[in-house]
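I opened my notebook to look up a few places in a protein model. Here is what I wrote down as I went.

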Amino acid sequence: MLILGISCYYHDSAACLLSNGTIVAAAQEERFTRIKNDSNFPYHAIIYCLKEGEILLQELDAIVYYEKPYLKLERILERFLVSSPFGFRSFAYAMPKWVREKLFFKRKLRKDFKRISNERLKVNLFFSEHHLSHAAQAFFLSPFENATVLTIDAVGEWETLTVYKAKGNNLTKTVSMLYPESLGLFYSAFTYFLGFQVNDGEYKLMGLAAYGAPDSSQFRIYYDKITQILLTNYKGGSFRLNSEYFRFEHDLKLINEKKWEDLFNLTKRLPESQMAQVHADLALAAQQVLENTLIKIVELSKSVGKSDHLCFAGGVSLNGAALGKISKLGVHQNCFVPFAPGDSGAAIGAALAYYHCGLGFPRVPSTSPTNPFLGPSFSDNEVQDILVQEKLPFIKLSNGDLYLRIANEIASGKIVGWFQGKAEFGPRALGNRSILADSRSLEIQDRINSQVKFREEFRPFAPAILEEEVSNFFDSQALSPYMQYVWELKKEFRIPYSPDQLPTLKEKQKFAKSSFPAVTHVDYTARVQTVSSAFNARFYNLLLRFHGLTGCPMVLNTSFNKRGEPIVNSPKEAIVCFKTSEIDILVINNFIILK
C-alpha cells in the first residue's frame with residue numbers, strides 16, 4: 001500500500017511517501033526551492049519521494065491532503081457574517097482568491113500533479129482533517145500503546161485545540177475548541193507586536209522571554225494586563241480572547257495596534273529595531289501566560305484522555321520552554337512530541353491517518369525514536385565530483401580518523417559545518433545538517449550569531465549531548481532526541497549573577513553564565529538534544545570522541561544555514577554557506593574541506 005501525504009498552499013509545504021505504514025521518504029519543499037517556509041505545491045519534494053521509493057506517480061494507491069479546504073472556506077464565510085460589517089474591505093479583497101482556491105481545490109491539486117506525470121492524475125485524492133493529521137503523526141510515531149493526544153495551533157479548519165483518546169489504530173476526539181479562541185494566534189499576536197515575523201519568529205519570542213525580569217514591577221504589570229484584559233482562563237482548561245484587541249477575525253492584521261499600544265504603554269516594535277528590557281519583559285509575560293494556560297489544558301487532557309502517556313502536536317508544541325515544564329509536571333508519566341509537529345509534519349500525519357484510521361491497518365509501536373532522517377543523501381562519488389568541480393582542496397579520512405580530527409578541531413575553537421547522510425525532516429538540525437562548535441567557549445556564541453548565521457545577538461544555541469550523560473548536567477532524566485525540550489542546567493555548572501550586576505540586555509548576552517556558555521541561555525536553560533548510537537551513530541561517535549578528549553559530553557549544535565534561508569539540502573548549498581560565512585571547516589561525509 002503506497003500512500004503519498006502532502007501539505008501545501010498555506011505554510012511550509014511538504015510531502016511524505018508511506019509504504020505499508022512505514023515512512024520511505026519525506027521532505028519539505030523549502031529545502032529544494034531555497035525559499036524559507038515555501039508554501040507552494042511541493043513539486044520537488046514529491047519528485048524526491050517518488051524517486052526514493054522507486055515508483056511512478058500513477059503507481060500510488062492514494063494521495064492524502066492534510067486538511068479539508070471546504071470546511072476552511074465555511075469558517076471564513078461564517079466568521080465574516082458574524083463580524084460584519086467590520087472587515088468588509090479585507091473580505092472583498094481576499095474573497096475571490098479564497099473561492100478560487102477552496103471551491104475548485106481538487107481541480108487545482110490535479111492540475112499541479114499533472115506537472116509531475118504530464119498526464120491526468122488517476123490516483124484517488126483523499127482529505128484528512130487538519131488536527132487529525134497532527135494527532136495521527138504524534139500518536140502513530142510514538143512508542144505508546146495508548147495515549148492522550150493534544151493538538152494546539154493557530155487554527156485548522158475550525159479547531160484550534162483538540163484532545164484525542166488514542167489506542168491501537170484508533171483516534172477518538174473527546175474535546176475541541178473552535179476559532180476564534182486560539183492559543184496559537186494569541187502567541188503569534190505578541191510575535192507580531194514585538195517586531196518578529198508571524199509563523200517564523202515565535203521561537204525568537206520564546207528566546208527573548210528568557211531576558212525578562214520575573215521579579216520586576218514592569219513584568220508584573222504586563223502579566224496582569226494580559227490575564228485581566230487579553231486572555232481569560234476558565235476552570236477546566238478553556239480560555240477566551242478579548243475580541244476588542246484582536247483583528248484576525250475580520251481583517252488581514254492580527255491585532256488592533258492602537259489598543260495594544262495603549263494597553264501596554266509601549267509602541268509596537270519595528271522589525272530589526274533596537275531591543276529593550278521592556279520588550280523582554282513583555283515577551284516573558286506572554287510566555288508565562290502561554291505556559292500557565294497550557295498546564296491547565298494538559299491537566300484537562302489527562303482527565304478526559306485517561307492515559308499516562310501524552311502526545312503533543314501542532315505549532316504550539318514547538319515551544320520548547322513550555323514543553324520542558326510540561327514534561328516535568330508529573331501529570332503524565334511520559335510525553336512525546338514528534339520531530340516535525342507543525343504543518344510540514346502534517347503531511348506525514350495525513351498519510352498515517354488514512355493508513356491506520358481510514359483503512360484500518362494495525363499499528364505496531366516502536367520502542368526506539370522514529371527516524372527523522374528522511375531527506376536526500378549523497379554518495380562519496382557524488383560529493384567528490386562536486387568538490388572537484390568547485391576546485392576545492394580536500395582530504396578524505398576513515399571514520400575513526402575523521403571523528404578524532406573533527407573533535408580536536410572543535411576543541412581548538414573551530415566552527416564546523418557538518419553534512420552527513422540523509423537530511424533531517426523538520427525545523428531542527430539533529431546532527432546531519434548541523435553547524436558544530438565547542439559548548440565551553442565564551443566567544444563562540446557571538447561569533448556564530450554575527451559571522452555565520454548573521455542573526456540577532458540575543459538568540460541562544462542548543463547543546464547536543466550524549467544520551468547517557470544528560471541527567472548529569474540537566475534537571476531531567478527524560479530523552480530529547482528531536483531537541484524538543486528546554487531544561488535547566490544543574491546548579492553546580494552555573495555562574496551566579498544578580499540583575500543589578502548585569503542591567504542591560506547586551507551585558508546579559510556577554511556574560512559567561514555557566515561552564516558551557518555557548519549553549520546556556522541567560523536564564524540557565526538550554527534546548528537539549530540527546531544523542532544515542534542507535535539514533536545517529538556518526539554524530540554519537542563524534543560526541544564520544546569529543547568527550548574523551550575534553551571531558552565534556554556536549555557540543556553546540558545549530559542548523560546549517562544562514563538567517564532567512566532553509567537548512568542546506570545539498571553539498572553545493574553547504575559549500576556556498578561555507579564560502580560566504582566564517583565557518584572554519586566543512587565536513588561532507590568523510591571529506592574535509594579547509595579554508
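**Entry 1: the kind of model**

I noted at the start that this is a predicted model.

**Entry 2: S188**

I began with S188. I found it in helix α7, which covers residues 183-193. Is S188 buried or exposed? Its relative accessible area is 6%. That is under the 20% cut-off, so S188 counts as buried. Next I looked for a polar partner. The side chain of S188 makes a polar contact with the side chain of E202, at 2.8 Å. I then listed its contacts, leaving out residues up to four places away in sequence. They are V198, E202 and L254. E202 therefore turns up in my notes both as a polar partner and as a neighbour within the 4.5 Å contact limit.

**Entry 3: L230**

I moved on to L230. It sits in helix α9, residues 217-230. L230 and S243 are 13 residues apart along the chain, and their C-alpha atoms are separated by 8.3 Å.

**Entry 4: a nonpolar patch**

I looked at the surface next. M1, L359 and F361 form a nonpolar patch there. Together they have about 220 Å² of accessible area. I took a further look at L359. It lies in the loop between α13 (346-358) and α14 (380-389). Its relative accessible area is 34%, so L359 is partly exposed.

**Entry 5: salt bridges**

How many salt bridges does the structure hold? I read off 29.

I compared each partner with the cut-offs. K36 has 30% relative accessibility and counts as partly exposed. D200 has 14%, so it is buried.

The next pair was E159 and K173. Their side chains meet in a salt bridge of 2.7 Å, N to O. Here the partners sit in strands: E159 in β7 (residues 159-167) and K173 in β8 (residues 170-178). They are 14 residues apart. E159 is buried at 10% relative accessibility. K173 is partly exposed, with a relative accessible area of 35%.

The last pair was K328 and D475. The closest N and O atoms are 2.7 Å apart. K328 lies in the loop between α12 (320-327) and β12 (334-336), and D475 in the loop between α17 (470-473) and β17 (485-488), so the pair ties together parts that are 147 residues apart in sequence. Both partners are partly exposed: K328 at 39% and D475 at 30%.

I also noted a network. Salt bridges that share partners join K204, E272, E456, R459 and R563.

**Entry 6: cysteines**

I reminded myself what to search for. A disulfide is a covalent bond between the sulfur atoms of two cysteines. How many disulfides does a search of the whole structure find? The search finds 0.

I checked C16. The nearest cysteine sulfur belongs to C49 and is 6.5 Å away. A disulfide needs the two sulfur atoms within 2.5 Å, so C16 is in none. C16 is also buried, at 0% relative accessibility.

C357 is partly exposed, with a relative accessible area of 32%.

**Entry 7: S559**

S559 is found in strand β19, residues 554-559. Its relative accessibility is 17%, so it counts as buried. A polar contact of 2.6 Å joins its side chain to that of N561. What else does S559 touch, not counting residues up to four places away in sequence? I listed A429, R433, I435, K453 and I567.

Definitions and conventions:
Residues numbered from 1 in each chain as written. Predicted model: local features only at pLDDT ≥ 70, side-chain atom pairs only at ≥ 80, totals over all residues. Heavy atoms only, no water. Helix = DSSP H or I, 4+ residues; strand = E, 2+ residues; numbered from the N terminus. Buried < 20%, exposed > 50% of the residue type's maximum accessible area, 1.4 Å probe, protein only. Polar contact = N/O pair within 3.5 Å; in protein donor to acceptor, adjacent residues only side chain to side chain. Patch = residues over 30% accessible without salt bridge, like charges linked within 9 Å, V, L, I, M, F, W, Y side chains within 5 Å. Areas by Shrake-Rupley, 256 points an atom, 1.4 Å probe, with all protein chains shown as cover. Salt bridge = Lys/Arg side-chain N within 4 Å of Asp/Glu carboxyl O.
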